[in-house]
Structures are given as C-alpha cells and as structure tokens.
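Biologist: I'm new to this one, so please walk me through it slowly.

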Amino acid sequence: NSIGEEDLKIFYENRNIVPVLKLKDNKKKETEDFVNLVKVLNQKQIYYGVMLNVNKENLKGAVSKEFADTLAKNNCKALIFAENINEKVLDDEDREFLKKSEKILRKSYDNILFFYINEKDKKVDKCLGFDEEVFQINCQGKMERCIYIK
C-alpha cells in the first residue's frame with residue numbers, strides 16, 4: 001500500500017500517530033522518492049520522523065548538513081540512525097564519527113530529535129529500532145513490516 005489522501009487525512013487528524021519513514025539506501029531514485037514524500041508530508045503539515053539505516057557507504061551523507069537541512073526545511077521531527085547489520089557494517093572509527101556528528105546536529109537543529117541506535121555488542125536478528133506493533137513507510141510511500149522482524 002502507498003500513502004494516499006486517506007492515509008494523509010488519518011495522520012493529520014490523529015496527531016498521536018507519527019509516521020517514521022525508512023531510508024535504507026542512497027540510490028538516486030530512492031532519494032528522489034523520499035524527498036518527494038517528505039515534501040508532501042510537509043505541505044499537509046504532518047509531523048514525521050526518518051529512520052536511516054547507516055553503513056560505511058552512506059555515513060557521511062547521513063550526517064551531512066545538506067541532508068539535515070532538507071529534513072528541517074520539510075518539518076521532520078526525528079532522525080534515527082540505525083546501524084545496518086547486514087552489509088558495509090560500521091567499525092569503531094565510524095561509530096565514533098557518527099556519535100560526534102550526532103552531537104553537532106543536535107546543537108544545530110533544536111527542532112529535530114536525533115537518535116543513534118548502536119547494537120554493536122549485542123547479537124541482533126531483528127530490527128534495531130522497533131518491535132512488531134510498528135510498520136515502516138518506505139521512500140515510495142508504501143507501508144511494510146520491517147524485514148528484520150521474524
């Protein structure tokens with residue numbers, strides 16, 4: 001299912017429901033779809049968050065001022081960094097860079113909550129951020145279960 005007008009109406013009328021958009025890759029098409037979706041949510045005055053699967057390849061872009069500016073300009077209220085546990089895994093140096101970058105972002109954007117979910121020392125076989133009662137919204141606006149939920 002994609003987010004349609006009826007879904008937008010539900011989010012608008014029920015402010016206790018906050019969609020969290022999942023962005024897992026930095027492919028051009030996914031990024032364009034994502035930016036279009038956040039613009040629609042902003043136009044409809046719907047608060048939302050973003051969960052970004054961070055790996056070695058997308059780390060610098062994930063914590064960049066340009067990405068944070070796009071989210072802030074489009075009324076994002078939370079940015080969650082979750083380590084990608086399947087490929088291009090972060091090492092300790094990357095994690096330190098992410099922690100420092102997150103602190104800088106927190107100081108620069110007082111209207112966005114920033115979270116870093118670090119499960120490096122635990123055996124993880126499920127989604128790092130959510131449990132079974134939560135669904136994700138991918139960058140095309142489709143609702144889906146997290147692939148890590150068994």
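This is a predicted model: local features need pLDDT of at least 70, side-chain atom pairs count only at pLDDT 80 or more; totals for chains, interfaces and linings use all residues.

Biologist: Where do Glu102 and Arg106 lie?

Modeller: Both of them lie in helix H5, four residues apart, which is about one turn of the helix. Helices are DSSP runs of H or I with at least four residues, strands are runs of E with at least two, and both are numbered from the N terminus.

Biologist: What does Arg95 pair with?

Modeller: The side chain of Arg95 meets that of Asp92 in a salt bridge, at 3.2 Å from N to O. These two also both lie in helix H5, three residues apart, again about one turn of the helix. Arg95 is a buried residue because its relative accessibility is 9%.

Biologist: How many salt bridges are there by this rule?

Modeller: The count comes to eight. One of them joins Asp94 to Lys56, with the closest N and O atoms 2.6 Å apart. That pair links distant parts of the chain, since Asp94 is in helix H5 and Lys56 is in the loop between E2 and helix H3 (59-62), 38 residues apart.

Biologist: Which residues are in a network with those two?

Modeller: Lys56, Asp91 and Asp94 are linked in a network of salt bridges. Asp94 counts as buried because its relative accessibility is 14%, while Lys56, at 43%, counts as partly exposed.

Biologist: Let's change topic. What is the overall layout of the chain?

Modeller: The chain has five helices and six strands, and from the N terminus on its elements run α-β-α-β-α-α-β-α-β-β-β. Of its 150 residues, 42% are buried. Among the contacts between residues at least 6 apart in sequence, 72% join residues at least 24 apart, where contact means heavy atoms within 4.5 Å.

Biologist: Which residues does Leu52 touch?

Modeller: Not counting residues up to four places away in sequence, Leu52 touches Leu23, Asn58, Ala62, Phe67, Leu79, Ile80, Phe81 and Ala82. Leu52 is in strand E2 (residues 48-54), and it counts as buried because its relative accessible area is 4%. Its C-alpha atom is separated by 7.5 Å from that of Ala62, which is 10 residues away along the chain.

Biologist: Now the loops. What is the phi of Gln45?

Modeller: Gln45 has a positive phi of about 60° although it is not a glycine, and it lies in the loop between helix H2 (28-43) and E2. Asn75, likewise not a glycine, has a positive phi near 70° and sits in the loop between helix H4 (65-73) and strand E3 (76-83).

Biologist: What about Asn74, is it buried or exposed?

Modeller: Asn74, in the loop between H4 and E3, is buried because its relative accessible area is 5%. Beyond four places in sequence, Asn74 touches Val38, Lys39, Asn42 and Tyr48.

Biologist: Last one: which residues form the positive surface patch?

Modeller: Lys99, Lys100, Lys103 and Lys107 form it. Patches are made of residues with over 30% relative accessible area and no salt bridge, with like charges joined within 9 Å and nonpolar side chains (Val, Leu, Ile, Met, Phe, Trp, Tyr) within 5 Å. Lys and Arg count as positive and Asp and Glu as negative, with His and the chain ends not counted, and the place of a charge is taken as NZ of Lys, CZ of Arg, CG of Asp or CD of Glu. Lys99 is in helix H5 (residues 92-108), and it is partly exposed because its relative accessible area is 34%.

Terms used. Residues are numbered from 1 along each chain as its sequence is written. Side-chain values use heavy atoms; hydrogens and water are left out. Accessible areas come from the Shrake-Rupley method with a 1.4 Å probe; for residues, only the protein chains shown count as cover. A salt bridge is a side-chain nitrogen of Lys or Arg within 4 Å of a carboxyl oxygen of Asp or Glu. Buried means under 20% relative accessible area, exposed over 50%, partly exposed in between (1.4 Å probe, protein chains only).
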